[in-house]
Amino acid sequence: MYYKSAVEGVVRVDPSRFSEDLKKVVTEELRRNYENRVIDQLGRVIAIQSIKNIEDGIIIHGDGAAFHNVTFNVVHYLPETNDLIEGEIKDIAKFGAFVDFGPFEGMIHISQTMDDFVSVSKEGTLLGKDSKKVLKIKDKVRARIIAVSIKNTKDPKIGMTMRQPYLGKTEWLDEIRKIESKAQ
């Protein structure tokens, strides 16, 4: 889910930038240090929205830089269990499919791709034995997040399923809608 949150942090301003506008320098440093990064409690930081407060800096002996306590607003995406996502299949492996849904990439285990026995074809697609449904790279899908671990911010893990009503490949969902509209 997307959030807007107030965050407190410390920004280091190099002595070579002391003559520049402080707010501009702090904004650049915040963007460089936070934007598009995964942070444990925030998820992926999308953007630094505004700076609320910049305290007077403290110069640390031996460094010469000024360190400012800063309060700022960020827009961030924190994946949560039961979130619905729409994304694109980026890769298929023997054990499942990887889905890019913007701020993150998640994995759908082969057993969670469809209500069928699923095998991996020689062409690198997932194939349902009875339903003949095919899932391949670049397919658009809707899935539900069932597990999240972003403790390792360099390698966040997000598990997903498509084995619930109204989840799966976009074409599968279109077929369900057609059947339902005919029934009405």
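**Starting from T113**

Mentor: T113 has 0% relative accessibility, so T113 counts as buried (buried is under 20% relative accessible area, exposed over 50%, partly exposed in between, with a 1.4 Å probe and protein chains only). Bear in mind that this is a predicted model: local features need pLDDT of at least 70, side-chain atom pairs count only at pLDDT 80 or more, and totals for chains, interfaces and linings use all residues. Residues are numbered from 1 along each chain as its sequence is written, and side-chain values use heavy atoms, with hydrogens and water left out.

Trainee: Where is T113 found?

Mentor: In the loop between β8 (105-109) and β9. Strands here are DSSP runs (E, at least two residues), helices likewise (H or I, at least four), numbered from the N terminus.

Trainee: And what is T113 in contact with?

Mentor: Leaving aside neighbours within four places in sequence, T113 is in contact with I108, V118, L126, L135, M162, R163 and W172 (contact means heavy atoms within 4.5 Å). The T113 side chain also reaches the backbone oxygen of I110 at 2.9 Å.

Trainee: W172, ok. Which charged end sits over the ring of W172?

Mentor: That of K133, 4.8 Å from the ring centre. The test is NZ of Lys or CZ of Arg within 6 Å of the centre and within 35 degrees of the ring normal. R44 likewise lies over the face of F104, at 5.1 Å from the ring centre.

Trainee: New topic: how many aromatic pairs are there?

Mentor: Five, where rings of Phe, Tyr and Trp (its six-membered ring) pair if their centres lie within 6.5 Å; planes under 30 degrees apart are stacked, over 60 edge-to-face, the rest tilted. The ring centres of Y34 and F72 are 5.1 Å apart with planes at 65 degrees, so that pair is edge-to-face. Y34 lies in helix α1 (residues 22-34) and F72 in strand β5 (residues 66-77), so the pair ties together parts 38 residues apart in sequence.

Trainee: Are Y34 and F72 buried or exposed?

Mentor: Both are buried. In α1, V25, V26, T27, E29 and L30 are buried too, along with Y34.

Trainee: What covers the buried residues of α1?

Mentor: The cover includes β1 (2-13), β2 (38-39), β3 (43-54) and β5.

Trainee: Last one: in what order do the strands of the open sheet come?

Mentor: Three strands, β9-β10-β11, with antiparallel pairing. The edge strands are β9 (118-120) and β11 (134-135), each pairing on one side only. Pairing takes at least two DSSP bridges.

Notes: Polar contact = N/O pair within 3.5 Å; in protein donor to acceptor, adjacent residues only side chain to side chain.
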